[in-house]
Amino acid sequence: MQPSRRGPGAPVTVRRAHPPRGENWEHGRVDLATFQACMVETYGERDRARGTAATVAWLAEELGELARAVRKGTRDEQRHELGDVLAWLASLAAQLDLSLADAAQRYAHGCPRCRARPCACP
Ligand SMILES: [Zn+2]
């Protein structure tokens with residue numbers, strides 16, 4: 001007898017550090033925390049090995065590509081570059097041990113200066 005062998009039909013639970021792609025991904029409604037966790041799962045080890053300086057350089061390069069796409073790209077190209085910028089931003093946040101979702105909280109109550117929505121700053 002092999003007690004460690006699972007019987008047929010027994011659920012195999014794969015514990016992941018972070019939630020995998022779910023229905024929210026399929027409907028384009030992923031939250032920032034899930035997105036960041038998935039970026040860490042996908043690229044985290046490699047990105048950490050590169051370090052924050054290299055990640056900032058890649059983020060800046062992707063921002064340049066986004067700027068170009070905004071000026072003369074198609075909507076598909078603009079969406080593509082937005083995704084790349086977001087991915088590098090998530091990687092940078094993770095390497096800094098910061099949460100993108102926490103960072104977004106700065107704007108949870110509208111403008112951080114005047115606290116109004118829309119901003120009422122002069
Ligand atoms: Zn304001």
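**Close-up views of a predicted model**

**View 1. Helices α3 and α4 side by side.** Helix α3 (residues 52-72) packs against α4 at an angle of about 160°, with the two axes 9 Å apart. Axes here are lines fitted to C-alpha atoms over the stretch in contact, and angles run from 0 to 180 degrees between N-to-C directions. Helices are DSSP runs (H or I, at least four residues), numbered from the N terminus. Angles over 145 degrees count as roughly antiparallel, and α3 and α4 are therefore roughly antiparallel to each other. Among the residues making the contact are W58 and L59 of α3 and W88 and L89 of α4; a contact means C-beta atoms, placed from the backbone, within 7 Å.

This is a predicted model, in which local features need pLDDT of at least 70, side-chain atom pairs count only at pLDDT 80 or more, and totals for chains, interfaces and linings use all residues. Residues are numbered from 1 along each chain as its sequence is written.

**View 2. The largest nonpolar core.** Twelve residues form this core, including F35, M39, L66 and W88. Helices α2 (32-50) and α4 (75-95) each supply at least two of its residues, and α4 gives the most, with seven. Such a core joins buried Ala, Val, Leu, Ile, Met, Phe, Trp, Tyr and Cys residues through C-beta atoms within 7 Å, buried meaning 20 or more other C-beta atoms within 10 Å of a residue's own.

**View 3. The start of the chain.** Where pLDDT is low, the predicted coordinates should not be read in detail.

Note on methods: Angles under 35 degrees count as roughly parallel, over 145 as roughly antiparallel, 65 to 115 as roughly perpendicular and the rest as oblique. Two residues are in contact if their C-beta atoms, placed from the backbone, lie within 7 Å.
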